[in-house]
Amino acid sequence: MIEKDSTIVSTTYRYLEKTLDKPIDIPRLWNEYSWFLNDYGTVTDDPSIIDFNAICLNRKPGDTKSITGGNVRGKYWTYPTDRPIEEERLPYVDEESYTEICPEFLGTYTEEIINALASRWKIGRARFLMKPPRSCLSWHRDPERRIHIPVKTNLGCRMVIEDEAFHMPADGTIYITDNRVYHNFFNGGEENRIHLVVTLLEP
Ligand SMILES: [Fe+2]
């Protein structure tokens, strides 16, 4: 699945890389996501905003509060108005302390993937992130890079980082995106988009 010495290769995009690992079994992951969604539902820090819906997969050991409130989305910076003033939103998340798989996901293929990622990279939070149709994020930057495994997507989905836009197919590929610069994601299709998103704590 994820090799300890897996090779990361550049793409034609400046802020997108991918690995040459054996592909993730996407039908199996999709099946598990559907089961988790049915049994546990999604969480958000702000129910008035539809663009962000998460299933938090790991947490601080024994700390159920670490996957609630602002910890679900995490700290980011944005330009909310026409003024060139950057604003910081939500509190800092101590990503390194997210070392425990939430008990309901123990023994699953999803756990296997997270453990494999953790054996290859230093990682933080792991979440399934769902974006409903015709939704987009704020134009923002995050403190770290992200590992993306698209689980369900469509051709109207694009990540935009600075002045580059790209589509990440749900073909089992593990992608790395540089979220430390300004970016966005939009789902211009008519079905939900689901990615497994993991914080990458390496430069
Ligand atoms: Fe982001």
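Student: Before we start, what should I keep in mind about a predicted model?

Tutor: Local features here need pLDDT of at least 70 and side-chain atom pairs count only at pLDDT 80 or more, while totals for chains, interfaces and linings use all residues. Residues are numbered from 1 along each chain as its sequence is written.

Student: Which strands form the open sheet, and in what order?

Tutor: There are 7 strands, in the order S1-S2-S14-S11-S16-S8-S3, with antiparallel pairing. Two strands count as paired if DSSP finds at least two bridges between them.

Student: Why is one side of S1 and of S3 left without a neighbour?

Tutor: Strand S1 (8-10) and strand S3 (53-56) stand at the edges and have a single partner strand each, so one side of each has no neighbour in the sheet. On average, neighbouring strands of this sheet are turned by 30 degrees against each other, direction ignored. Axes for such angles are lines fitted to C-alpha atoms, for helices over the stretch in contact, and angles run from 0 to 180 degrees between N-to-C directions.

Student: Which helices pack on the sheet?

Tutor: Helix H1 (residues 26-40) does, touching S3, strand S8 (123-131), S11 and strand S16 (193-200), and its direction makes about 90 degrees with that of S11. Helix H3 (residues 109-120) also packs there, touching S8, S11 and S16, at about 140 degrees to S8. Contact means that the C-beta atoms of two residues, placed from the backbone, lie within 7 Å.

Student: What span should H1 have, and what does the model give?

Tutor: At 1.5 Å a residue, its 15 residues should span 21 Å, and the end C-alpha atoms are 20 Å apart, which agrees. The expected span is 1.5 Å times one less than the number of residues. After H1 comes Gly41, with a positive phi near 70 degrees.

Student: Back to S3. Are its residues buried or exposed?

Tutor: Asn53 and Ile55 point one way, Ala54 and Cys56 the other, and all are buried. Buried means 20 or more other C-beta atoms within 10 Å of a residue's own, exposed means 12 or fewer, and partly exposed is in between, with C-beta atoms placed from the backbone. S3 pairs with S8 over 4 antiparallel bridges, and the partner of Cys56 in S8 is Arg127.

Student: Which residues have the most contacts inside the largest nonpolar core?

Tutor: Ala54, Leu117, Phe128, Leu196 and Val198, in a core of 36 residues. Such a core is a set of buried Ala, Val, Leu, Ile, Met, Phe, Trp, Tyr and Cys residues joined through C-beta atoms within 7 Å. Leaving aside neighbours within four places in sequence, Phe128 is in contact with residues including Tyr33, Ala54 and Leu196.

Student: Does S12 have a covered face, or an uncovered one?

Tutor: It has both: Cys157, Met159 and Ile161 make up the covered face of S12, and Arg158 and Val160 the uncovered one. S12 also pairs with S13 over 3 antiparallel bridges. In that hairpin, which has 2 residues between the strands, Glu162 takes a positive phi near 50 degrees.

Student: And where is Asp163?

Tutor: Asp163 is in the loop between S12 and strand S13 (164-166). Asp163 is exposed, with 8 other C-beta atoms within 10 Å.
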